[in-house]
Each structure stands twice: as structure tokens, then as C-alpha cells.
Amino acid sequence: MSNNTPLTVTGGQLVLPDGTIAPGALRSEGGFITAVGADVTPQPGDEVHDARGRLIAPGLVDIGVFAIDKPAFHFGGITRAALMPDQNPPLDVPARVRFAAQSGKPDLWVHPLAAATQNLEGKALAEIALMRDAGAKAVTTGRQWIADSGTMLRLLQYTGMLGMVVLAHPEDAGITGKAVATSGEMATRLGLPSAPAEAEALAISRDIALAELAGAAIHFRKVTTARGLDLVRRAKDRGLKVTAGVTPAYFMLSDLALAGFRTFAHLSPPLRSEDDRKAVIAAIGDGTIDVVASGHDPRGPEDKRLPFADSAPGMAGAETLLPLTMNLVRDGVISLSRAFELIATNPAKLLGVNAGKLEVGAEADIAVIDADRPWIVDSDKMAAAAGNTPFDKQPVQGRVLALFKGGVAVKAR
């Protein structure tokens with residue numbers, strides 16, 4: 001996305017790839033960043049945006065969204081979103097992938113994730129190479145785990161040959177069944193169908209073994225338990241191509257949030273124990289977790305105003321991804337620059353796109369952010385297609401004031 005007018009963003013605090021936060025400016029031309037630093041000044045004819053001391057950061061890159069919800073993405077500072085294949089019909093053929101890749105342009109880039117298997121049934125492999133050529137940036141098992149180890153091994157061998165990463169949903173479906181909660185005191189008190197948290201570790205253990213056998217890269221979209229995180233940590237120590245992600249719900253909430261049968265807290269995987277929540281925070285702090293994503297999955301009343309066990313899992317997360325990640329900065333868990341690695345730089349690397357960083361030659365996806373701006377999450381006023389957030393009425397800090405895609409303003413105040 002570009003126009004004929006170069007852009008210079010001045011007077012801000014640059015979030016730089018080397019981990020520093022430094023005063024300066026940024027200039028872009030033809031959709032790409034051409035200069036970054038303290039000595040950058042506008043050229044004649046430039047469009048100039050004064051950041052007024054706020055952060056100048058890369059646009060957020062969100063991995064694993066279930067709907068293209070442009071107003072919510074722009075509100076949250078997201079300029080690129082990786083779309084899950086769990087659509088109707090699923091993204092399991094090249095034509096659908098190609099259509100999805102064009103669906104958000106020019107002011108949002110959608111990066112489709114190819115279905116690993118036909119119709120996401122976990123059986124026959126889909127046309128992965130053709131979907132890659134049609135624009136798929138990675139392959140994923142979708143909302144489900146591939147139970148057949150032979151199928152999963154063939155998938156990893158094939159994607160390893162193609163140089164693609166597999167995004168896996170780590171829950172052993174044979175154990176989870178129709179569970180909607182994690183086994184423990186809260187599930188027992190509420191009488192909800194539940195499954196042990198070990199279902200995650202079992203799935204991760206098998207998939208790491210298969211990825212090692214195939215020499216392939218695997219990314220676990222949401223790792224939410226202490227045991228699962230320990231497995232990822234040990235795999236990284238051994239030099240395997242393993243990465244892990246999480247969404248803010250799992251470092252902000254435990255299964256106590258299910259009290260009152262709050263269906264907005266019905267997520268997949270289900271919320272975990274307080275000890276697991278603390279383990280997720282520790283894993284973000286020590287680098288075990290590489291990506292924080294929104295898990296954006298807007299669900300209307302027809303999906304949420306039901307008995308808990310009958311409701312659909314998912315939450316609208318795009319608008320709260322930035323401020324909830326900023327909580328980790330204020331709590332001293334991570335640095336400010338590390339926060340943007342988690343929500344911009346590392347997701348972009350995983351997808352292999354030239355974004356998520358403020359450096360010369362990168363695409364000019366830029367967010368101007370007031371990191372301290374307070375606001376109240378209100379499910380009735382969200383920009384998302386549905387406001388199904390467990391953080392309703394919660395005060396947060398961190399607001400996107402201006403957003404540029406390819407150097408062109410898509411949001412400015």
C-alpha cells in the first residue's frame with residue numbers, strides 16, 4: 001500500500017530493533033521505511049505527522065485470528081493478521097487462500113494460514129505447496145489437534161521440505177473430548193465437563209518428537225500450562241525449531257474467571273489454574289514464549305448467550321492485545337522493546353514478512369501509541385463485530401493514536 005506522498009513521523013520515541021527506545025523520527029517513501037533516527041527531518045512535500053512524544057512503533061502483526069475484523073484491528077494497531085483456515089468453507093484449496101490474501105487490502109494485509117488437511121479433518125493432507133504459491137504464509141492444524149501420528153509426521157516432513165512452519169493446536173483430543181473447562185476445583189463446583197491440563201503436555205510432547213524426527217519447524221499457537229511450557233523450554237535448549245505463543249487471557253486470567261458461568265470466559269483451550277497462569281507469565285519473561293497474539297474470535301449472542309457447556313469458545317481480542325501486553329511491561333515482567341518483539345517482530349519473522357520492525361527497507365507499517373493512555377474496555381462499544389471479551393469493564397492503559405499501512409494513514413487523531 002503506497003501513495004505518491006512520502007511520510008515523515010516526527011517528535012516521537014522510536015521503538016528500535018536493537019531493543020532501545022530513542023527519541024527521533026522516521027521517514028517512508030513508496031511504502032517502505034527509508035530513514036530512521038534522531039537526525040531524520042521531513043523533506044519538501046512530505047506528509048508530516050507529529051507524534052508529540054509518543055511511541056513510534058511497528059504496526060502489530062497478529063497470528064491466528066478467526067475473522068477479518070478491520071475496525072477492531074485498526075483500533076488495536078494491527079496492520080497484518082494471519083487468518084486461521086477454520087472458515088466456511090475452510091482454507092484448504094488454493095483459490096480460497098488467494099481470495100483471503102486479497103481480502104483486507106489496501107489498509108490491512110491478511111496472511112492466510114493453509115489448512116494442513118482436507119476439510120481440517122486431520123486425515124488426508126491438503127494441497128499445501130499450491131496454497132503456499134497462492135499466498136499462504138504457514139500451515140496449521142486449525143482449532144483441532146491431528147490425532148493420527150502418521151499424518152502429523154507426513155505433514156511435518158512435507159512442510160520441512162517446503163520451508164514452511166506448522167502452527168499446531170496442542171490438546172490431545174482423545175483426552176479433552178467435549179470438555180469446556182480444566183479439571184480442578186472450579187470445574188467441579190460448576191459441574192462442567194472438564195479434562196486434565198496434561199492433555200496439552202501430551203500433545204506437545206508427541207509433536208515435538210515428530211518435528212525433531214522430520215527436522216521441521218513447529219509453532220504451538222497457545223501453550224498455557226507449566227508442563228507444556230517446560231517441554232517447549234527443553235526443546236529450545238536442544239536447538240530444535242520450536243516456538244510458542246499465547247494470548248493475554250492466559251496470563252491475565254485463571255479458571256476462577258468461570259465463576260457465574262461467564263461464557264465470555266469460555267475459551268479454547270480452557271482457562272487454567274492460577275499456578276499455570278503464573279507459569280505463563282514466567283515463560284514470557286524468560287523467552288520461552290515467542291509470540292503474544294489476540295486469538296481474535298468475535299462471537300455474537302447466538303453463540304454466547306447459552307448454557308456454558310453449549311456456548312462457543314472464543315473472545316474478541318484485537319482491541320485489547322496491546323494494552324494487556326503493556327501490563328507485562330508495567331509489572332516489570334518484560335521491557336517495552338520486548339513487548340513489541342512479542343506482538344510485532346517475532347510474529348512477522350514466523351510468517352516471513354518484511355514487517356514488524358522499524359528499520360530501513362522494512363514495510364512502513366507504523367503505529368503511534370500513547371502507552372499510558374487509560375481507557376475502559378466496554379463490550380457494548382467495541383469496534384469488533386462482537387464484543388465477547390472477558391475483560392469487559394476492566395481499566396487498561398495503552399492506546400493507538402495513529403496507524404499507517406505502507407506509509408498511508410488508516411487511522412489518525
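**Close-up views of a predicted model**

**View 1. A173 and its helix.** A173 sits in helix α5 (residues 173-176); helices here are DSSP runs of H or I with at least four residues, strands are E runs of at least two, and both are numbered from the N terminus. This is a predicted model, with local features needing pLDDT of at least 70, side-chain atom pairs counting only at pLDDT 80 or more, and totals for chains, interfaces and linings using all residues. Residues are numbered from 1 along each chain as its sequence is written, and side-chain values use heavy atoms, leaving out hydrogens and water. A173 is partly exposed, at 32% relative accessible area (buried is under 20%, exposed over 50%, partly exposed in between; 1.4 Å probe, protein chains only). Its C-alpha atom and that of A283, 110 residues apart along the chain, are separated by 25 Å.

**View 2. Strand β14 and its partners.** Four of the five residues of β14 (residues 242-246) are buried. Strand β13 (residues 217-220) pairs with β14 in the parallel sense over three bridges; pairing takes at least two DSSP bridges. Look for H219 opposite T243 in β14. Strand β15 (residues 291-292) also runs parallel to β14, joined by two bridges, and V246 stands opposite V292 in β15.

**View 3. Helices α7 and α8.** Helix α7 (residues 198-214) packs against α8 at about 20 degrees, with the axes 8 Å apart (axes are lines fitted to C-alpha atoms over the stretch in contact; angles run from 0 to 180 degrees between N-to-C directions). The contact (heavy atoms within 4.5 Å) includes I204 and I208 of α7 and L231 and V232 of α8.
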